[in-house]
Amino acid sequence: MSKHSSRGKKWDELKAIQLANYDYQCATCGATENLQLDHIIPASLGGEDTLENTQILCAYHNNKKNNRIEPEEKSYWSPRWFPDGPVKRPGS
Ligand SMILES: [Zn+2]
């Protein structure tokens with residue numbers, strides 16, 4: 001598998017938007033360092049580079065996830081479940 005170190009301008013813009021949406025925290029553990037933009041449905045399975053199909057993960061969880069599709073609850077504060085605005089973490 002290949003993780004692209006640079007996917008171009010569109011990917012960078014998506015990441016910037018999603019970092020704000022996710023409050024600069026990993027969607028799984030809340031880490032604030034080494035954040036990466038991740039496909040919810042992997043590109044290898046037809047996932048697209050869209051807000052609906054991307055989430056912010058730390059490097060650890062991005063690597064751990066690989067090409068598996070996470071259970072929905074792992075991504076449940078993805079913007080696709082919160083289409084109306086900023087994402088709130090549970091309990092916050
Ligand atoms: Zn994490």
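Modeller: What follows goes from the fold to the core and then to the loops. This is a predicted model, in which local features need pLDDT of at least 70 and side-chain atom pairs count only at pLDDT 80 or more, while totals for chains, interfaces and linings use all residues. Residues are numbered from 1 along each chain as its sequence is written.

The chain has two helices and two strands, in the order α-β-β-α from the N terminus. Helices (H or I, at least four residues) and strands (E, at least two) are DSSP runs, numbered from the N terminus. Of the 92 residues in the chain, 21% are buried (20 or more other C-beta atoms within 10 Å of the residue's own; exposed means 12 or fewer, partly exposed in between; C-beta atoms are placed from the backbone).

The largest nonpolar core consists of eight residues: Y22, C26, A27, L35, L37, I56, L57 and C58. Such a core is a set of buried Ala, Val, Leu, Ile, Met, Phe, Trp, Tyr and Cys residues joined through C-beta atoms within 7 Å. The elements giving two or more residues to this core are β1 and β2, and β2 gives the most, three. In soluble globular proteins, nonpolar side chains tend to be buried together. Across the chain, 59% of contacts between residues at least 6 apart in sequence join residues at least 24 apart.

Just after α1, D23 has a positive phi of about 55°. Y24, not a glycine, also has a positive phi of about 55° and lies in the loop between α1 and β1. That loop also holds N34, whose phi is positive, near 55°. Most residues other than glycine have a negative phi. Y24 counts as partly exposed because it has 13 C-beta neighbours inside 10 Å; N34 is partly exposed with 13 other C-beta atoms within 10 Å.

In the loop between β1 (35–39) and β2 (54–58) lies D49, which is partly exposed because it has 15 C-beta neighbours inside 10 Å. Beyond neighbours within four places in sequence, D49 contacts K10, W11, L14 and T54. D49 and H39, ten residues apart in sequence, are 7.3 Å apart from C-alpha to C-alpha.

Methods. Contact = placed C-beta atoms within 7 Å.
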